[in-house]
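Me: I am new to this structure. Can you take me through it in short steps?

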Amino acid sequence: MIRLQIDGRPVEARPGQTILQAAHQAGIRIPTLCFLEGLSPVGSCRICLVEIENWNGKLVPACVTEVEEGLRVVANSPRLRELRRRVLELLFAERNHICAICVSSGHCELQDLACELGMDSVRFPYRFPGLAVDASHRKFLIDHNRCVLCGRCVRACSEVEGAVTWGFAGRAVHTQVAPDLGVPWVEAESCTECGKCVQACPVGAIVERGKATAEQEKRPQVLVEITERRPRG
Amino acid sequence: MKKIKVPVTRIEGHGLITLQLGEDGQVAEAKFHVTETRGFERFCRGRPLWEMPALTARICGICPVSHLLCSAKAGDEILAVRVPRAADKLRRLMNLGQFVQSHALSFFHLSSPDLLLGWDSDPATRNVFGLVEERPELARQGIWLRAYGQRVIEALGGKKIHPAWAVPGGVRSPLSPEDRDALAADLPRALSIVQDALALYRGHLDDWAEEIESFGNFPSLFMSLVAPDGTWEHYGGGIRFVDSQRRVVADGLAPARYQDYIAEHVEAWSYLKFPYYKEAGYPEGLYRVGPLARLNCCDRMGTPLADEALDEFRALADGKAVTSSFHYHYARLIEILAALERIGNYLEDPDILSPRVRAEAGINELEGVGVHEAPRGTLLHHYRVDDQGLIQWVNLIVSTGHNNLAMNRTVLQIARHYLHGREITEGLLNRLEGGIRAYDPCLSCSVHAVGMMPLKVQLFGPSGELISERARP
């Protein structure tokens, strides 16, 4: 076993576990967004940043950093709270997150994080991009205005369903998730219509068609349930 | 020509009045400018149809329910479904709750300070706080009555303001038996409050004779929905126009074909459009909507207490149309009474507890029109969508828009009656405000605009020079 400290508490973890896993086992909360149980971690959103005291206070994403003997991790501090809030504000400023009319309002991980981190305002100018809604699919739709590019849909589609329909298209601020290299969803032949992307999406971007404001509830835990039920071979 | 400008308060939104003096020193022209714009019709484009009820509800915090229901009705048309019976009744129930809360707000909170504290009393206390000082019991009752209407809305939609409860195809949930019982238990108190207010209003008619005579008292057309049998209607039915003799000018008009009989005129000096009855032309096609129009258009109210009240109301004009816009206040109180009686009827109807409240369907029509009566008058949402159900085009005609011509005519009448000389007096300013307030206009809704703005009045001389200006901050 590896022994380390998180927020001053002694914690034990198995080799190969991440700081996030060790913290969760010890009952220490670290907020996450792009991380989802059942999918491989990618450390892209930076909400789970923690500070390693004996690495000169270096900031690392807890979801992809493995535990090491003797690490002293700060998981919660005023500095981290401010940094996480700023990360969140950048996400809000980047696209059009209008909770008041969103289908996921009340069931949204981004909204929950804003409450948890006390984000009562956004200090960056909003970009207000005019992005399209693809409602071509008979069961689902994607509203890029609400996408945070966490990539959970991309990973759920390839790692759990094995369809590899979703991928990233474009660069930097113009990045969007896209089915089958950028065709309208209805034309994506690889899509099995399983809906795992809907369940994986933390916000109101990929949703069931026909849902009205605040109506879209999701079950992201279904992905880990599926992988756990799958026979191991 | 000389011009006067006046700012208006205690209305939803803000406005500017300009008065133009002629060579003879009389008011030649009066304009009520709506100086806000918001652009809802533009930025709804591209949004999924299913979001439209909650999205358009955000036009206003006073009448979100009106936009919510009207938008859901337009959505029903696009899904091409018949809304389940229970959902139809539940939507009506919520609209009646909206009538109670909105009318109570207009009468008790916004207008009764003018009516009861006096037109020339100090503006610093001529408001709901002054009312609480002078007439605490009346203020308390008004606040309670409005809260009752809000409770109806909350019991159905889960919250008082901006409930996202009505959806294309129906509603999300029925009423719970507990909420039904709680609302039924308090209904008698609500009825008694509005009956007291009606008695109070009738008792003051002589005191307000001059205002009744001059606050938008002119012959005009009136438009509203009426039920197929001619009864007062707030949610369905067909459009009826009557004239000031209460002769039916047109009846049973399909709300969805509004473009056949209503046209919209645009003036450069206001963001608010000027709808008119097409057949009569502009501006002769001036018509009024809202409580006064609904009472003038319908044959009867359809519930016993409201029908008695309607008889007394009709006696004001010997059975012809009541043409003074001052009596919007009177009509509003009668409509609260009617709404409460109907709420009582629905609370006894077992259908409102039914779980079968939503018809699900895809995009089966590419165009839909929803029309119903909002507290302030006939409300219309018209959408076009693409095959995916994304909004391509939106037209909203709201009650304050319908009344735009009438409000301008009212302002002119009041200015002619109360402007003496070249000075905008406090008394004139108060009455100009009061005349507009009689319509309970929602400028936020009408231009789909935002914020509370004071009214400003400017008086211009015959050659265009500013003579006098008065504003309420």
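Me: How many residues does the largest nonpolar core have, and which have the most contacts inside it?
Reply: This is a predicted model. The largest nonpolar core has 202 residues. Those with the most contacts inside it are A:Cys153, B:Leu90, B:Val100, B:Ile334, B:Val411 and B:Ala415.

Me: Which helix gives the most to this core?
Reply: The helix belongs to chain B and covers residues 85–117. It supplies 13 residues of the core. The name is H4.

Me: Which domains of chain A does this core draw at least three residues from?
Reply: Chain A is divided into two stretches, 2–76 and 83–229. The core takes at least three residues from each. They are domain 1 and domain 2.

Me: What does B:Val100 touch, leaving out residues up to four places away in sequence?
Reply: B:Val100 is one of the core residues with the most contacts. Its partners are B:Leu145, B:Tyr148, B:Gly149, B:Val152, B:Ile336, B:Ala339 and B:Leu340.

Me: How far apart are the centres of domain 1 and domain 2 of chain A?
Reply: The two domains touch, with 14 residues from domain 1 of chain A and 22 residues from domain 2 of chain A. The side of domain 1 that touches domain 2 has nine nonpolar, three polar and two charged residues. Taken over C-alpha atoms, the centres are separated by 25 Å.

Me: How many residues of chain B are in contact with chain A, and which helix of chain B gives the largest share?
Reply: On the chain A side, 13 residues take part. On the chain B side there are 14. By class these are eight nonpolar, three polar and three charged residues. The largest share, three residues, comes from residues 52–57 of chain B, helix H2.

Me: Which residue of E13(B) stands opposite B:Glu367?
Reply: E12(B) and E13(B) pair in the antiparallel sense over eight bridges. A hairpin of two residues joins them. Opposite B:Glu367 stands B:Arg384.

Me: What span should helix H15 of chain B have?
Reply: H15(B) has twelve residues, 426–437. Ten of them are buried, so the helix is largely enclosed. Among the buried ones are B:Leu428, B:Arg431 and B:Ile436.

Me: Is B:Ala263 buried, exposed or partly exposed?
Reply: B:Ala263 lies in strand E9 of chain B. It touches B:Tyr276 and B:Lys278, not counting residues up to four places away in sequence. Its C-alpha atom is 8.7 Å from that of B:Gly281, 18 residues apart along the chain. With 17 C-beta neighbours inside 10 Å, B:Ala263 counts as partly exposed.

Me: What is the bridge partner of A:Val133 in E7(A)?
Reply: Three strands of chain A form an open antiparallel sheet in the order E6-E7-E10. E6 and E10 are the edge strands, each pairing on one side only. Two bridges join E6(A) to E7(A). The partner of A:Val133 is A:Asp143.

Technical notes. Residues numbered from 1 in each chain as written. Chains lettered and ligands numbered in written order. Predicted model: local features only at pLDDT ≥ 70, side-chain atom pairs only at ≥ 80, totals over all residues. Core = buried A, V, L, I, M, F, W, Y, C linked by C-beta atoms within 7 Å. Buried ≥ 20, exposed ≤ 12 C-beta atoms within 10 Å, placed from the backbone. Helix = DSSP H or I, 4+ residues; strand = E, 2+ residues; numbered from the N terminus. Domains from an automatic or database assignment. Contact = placed C-beta atoms within 7 Å. Nonpolar A, V, L, I, M, F, W, Y, C, P; charged D, E, K, R; others polar. Pairing = 2+ DSSP bridges. Expected span 1.5 Å × (residues − 1).
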